[in-house]
Protein chains: 2
Amino acid sequence: MIEKRTPIPVYEAAALVSRHHKHGEIEWVHLEESLHRYLAEDVTADHDVPAFDRSPYDGFAVRASDTAGASREHPVRFEVIDHIGAGAVSEKTLGPFQAVRIMTGAQIPEGADAVVMLELVKTYSEGEKQYMELKRSFQPGDNISKKGEDAEKGSVLLMKGTRITSGVIALLATFGYASVPVVKKPVIGIIATGTELLNVSDPLVPGKIRNSNASMVMAQVEEAGGTPLYLGKISDDFEESFDAVKKALEKVDFLITTGGVSVGDFDFLPAIYEKLGAEVLFNKIAMRPGSVTTVAHLDGKLLFGLSGNPSACFVGFELFVKPSVRTWLLDQKPYALCAVAVLSRDFPKPNPFTRFVRSFVSVKDGMLQAEPVGLDKSSAVTSLADANALVVLPGGTRGYEAGRRVHVLLYRDENGSEQLWPEMFQFSRS
Amino acid sequence: MIEKRTPIPVYEAAALVSRHHKHGEIEWVHLEESLHRYLAEDVTADHDVPAFDRSPYDGFAVRASDTAGASREHPVRFEVIDHIGAGAVSEKTLGPFQAVRIMTGAQIPEGADAVVMLELVKTYSEGEKQYMELKRSFQPGDNISKKGEDAEKGSVLLMKGTRITSGVIALLATFGYASVPVVKKPVIGIIATGTELLNVSDPLVPGKIRNSNASMVMAQVEEAGGTPLYLGKISDDFEESFDAVKKALEKVDFLITTGGVSVGDFDFLPAIYEKLGAEVLFNKIAMRPGSVTTVAHLDGKLLFGLSGNPSACFVGFELFVKPSVRTWLLDQKPYALCAVAVLSRDFPKPNPFTRFVRSFVSVKDGMLQAEPVGLDKSSAVTSLADANALVVLPGGTRGYEAGRRVHVLLYRDENGSEQLWPEMFQFSRS
């Protein structure tokens, strides 16, 4: 039963998975429900923004040429011929030395080409007429937000695959997207394997552990942008497990299993894949943690066999599942953001294989600093809570000292990498 | 009606608001619903992790001393006396040259003090007896995950105020938190003012704009961790608006209004605050955009009068509302992460007041780089979609050249600052 497996380099594994990436379909949701979804179509400006020349201030619209000689000693007087609030449009056209009282956001009246801020003028009445007086000159265009200066009609404002943040919502609302075209979330099934698993609410008993992976992976799926579908725990019975996996595949876009991938008598996920007729892309990766991560492919669906060890499971998800989900969502940068950081303390362990060290990356004086957190074992769970990045240490290295520059994958950053970590290719080959 | 206002420095404004910060109460939610909530209590380990000495690999548990002389030339033979899967516990105690077949995650049997990986042994049977043979020696403790090495019973694993991410969920599940103590979300009312506002679904008409602020602020509230409650648009009628604000205050923890704060005839939010008997903390800030941001306080509740200009509204929220929400949620770092970055292109505008420039911050060769995006006007909306940070340019400066180091507020970063931007204090005073 002991099968020999040949580990493949991590970039090769990721590249193999990427060949089976697919794109999700479109659906329309209310603007209010679109937060953190991904745009399924480009958003184009259907009108200029601003849609008209408008005033950025409360004040008076004037003809700049009339203000030419104004100074402290020689204030210039204007007759106020109209008052317009935001949302209203004046029907008057300004003549010489006439002004229109205007609110922030209101349309500039005909004839006017500058706005004088309210704070800079004196106002008074004489009989039925109202006047304002100013003491400095203005240039044509002063304090006018020009039609189209923010966005011109027809320009692409947002590319498909854009994640909808609060700032994006502002733009969608401005362009009248009460309903928004987003990518349908992939449904991602999760099956936990292992008789050693207790439910989260169970008391601990000797030899067993609580099933933390299912809850964790469900949360990772949500954070990646998918819909998690927990399909329960399966025991170590082959037929039962086979049926569970087969049924699951009918209702999901991706399937994740946790555990059952090691080279042990009771670990039979590879056998299930075989019986299903799935194509196994790889069943061993030259990396720590997560070396036993197995990915298969069946009828256009990816099957991720993640390790049962919490840290290995977590890393396997971030490296292989998340990019698949993000690509599905049309994200142009589906891979974790890859950057350079300075290691802030020694990491003396040798690395026979590429090692992903759970770390906390912060900024100090403009530079990224990476600090390994907690226990660096595939079974560790506490380090997952504090980490926001993986330091990538190439295989074949003997340990790293503080101050060394290292590559980090900032998996919690909103930005991503377009490419499959080209830097990783480089250093994995060196 | 034209009121003189005295602008106060932005850090002073933020400090004034912080004096009225409050903390939210506790509620219990299911683990599955706790993602991105904030912990209301410290989480302490109620048991060691691992709870028992366990095997990180599939293999054989042995007594290290028995392996002492093993080598290629002189393999050592062990009798396999038991098989234990993960979750099971062996009842046997190892004697000399005995081994127990053990799965990943299983408890180390009595007498054993090392684990030999499956890949390193040869197994065979003789009659009814099973044997394994190995060719190298092991030290006591080799390949054993020691009880408590990941977390010791009694240690604080997570501080209250921690945001619950997928990694945190793993920890909560491990410690049996099927139900999680989180901070109740604050209910944040949103009222939009201005007769110029169309609904998002309305066609454009001359002089009017769509109400993008309400949708944007609702999304900002959600991203900050609160529950948005949109209370509709109010017109420019004083009594109607007063009633709307008064009623709103009964059902919210914070109230946000957008628009109605400029020094114009139709902008009467200050008058409403006065009639309510609210204490106005400030009504003018020496900053761009958002100088008209007004914050008041009534019966323990903060009332945020944000600008009606989209960018000014957005910035006002990030600077003043979000820290209040995050403090409510017990976040120990409620202020936007403040860091240093290199400006990647010229910003030639003079800055009479502190200026917050919507920018995109990325990492290049380990250094943060800040690039101003889009149109830098308070009325701009397109720049909000692309920005992930505000470059902070101190008042009294004449413009900045590419290559200059500047302070940035990384308002989309999951991390924050504990303090009210001490760096900003520094440079605002210089």
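A:Phe314 has 1% relative accessibility, so it counts as buried (under 20% relative accessible area with a 1.4 Å probe, protein chains only; over 50% is exposed, and in between is partly exposed). A:Tyr411, at 5%, counts as buried too. This is a predicted model, where local features need pLDDT of at least 70, side-chain atom pairs count only at pLDDT 80 or more, and totals for chains, interfaces and linings use all residues. Residues are numbered from 1 along each chain as its sequence is written, chains are lettered from A and ligands numbered from 1 in the order written, and side-chain values use heavy atoms, leaving out hydrogens and water.

**Aromatic pairs**
- Over all chains, 14 aromatic pairs turn up (Phe, Tyr or six-membered Trp rings with centres within 6.5 Å; planes under 30 degrees apart are stacked, over 60 edge-to-face, the rest tilted).
- A:Phe314 and A:Tyr411 have ring centres 5.4 Å apart and planes at 70°, so they're edge-to-face.
- B:Phe254 and B:Phe304 make a tilted pair, with centres 6.2 Å apart and planes at 35°.
- In chain A, ring pairs join A:Phe254, A:Phe304 and A:Trp328 into a cluster.

**Charge over ring**
- A:Arg77 puts its charged end over the ring of A:Tyr131, 3.9 Å from the centre (CZ of Arg or NZ of Lys within 6 Å of the ring centre and within 35 degrees of the ring normal).
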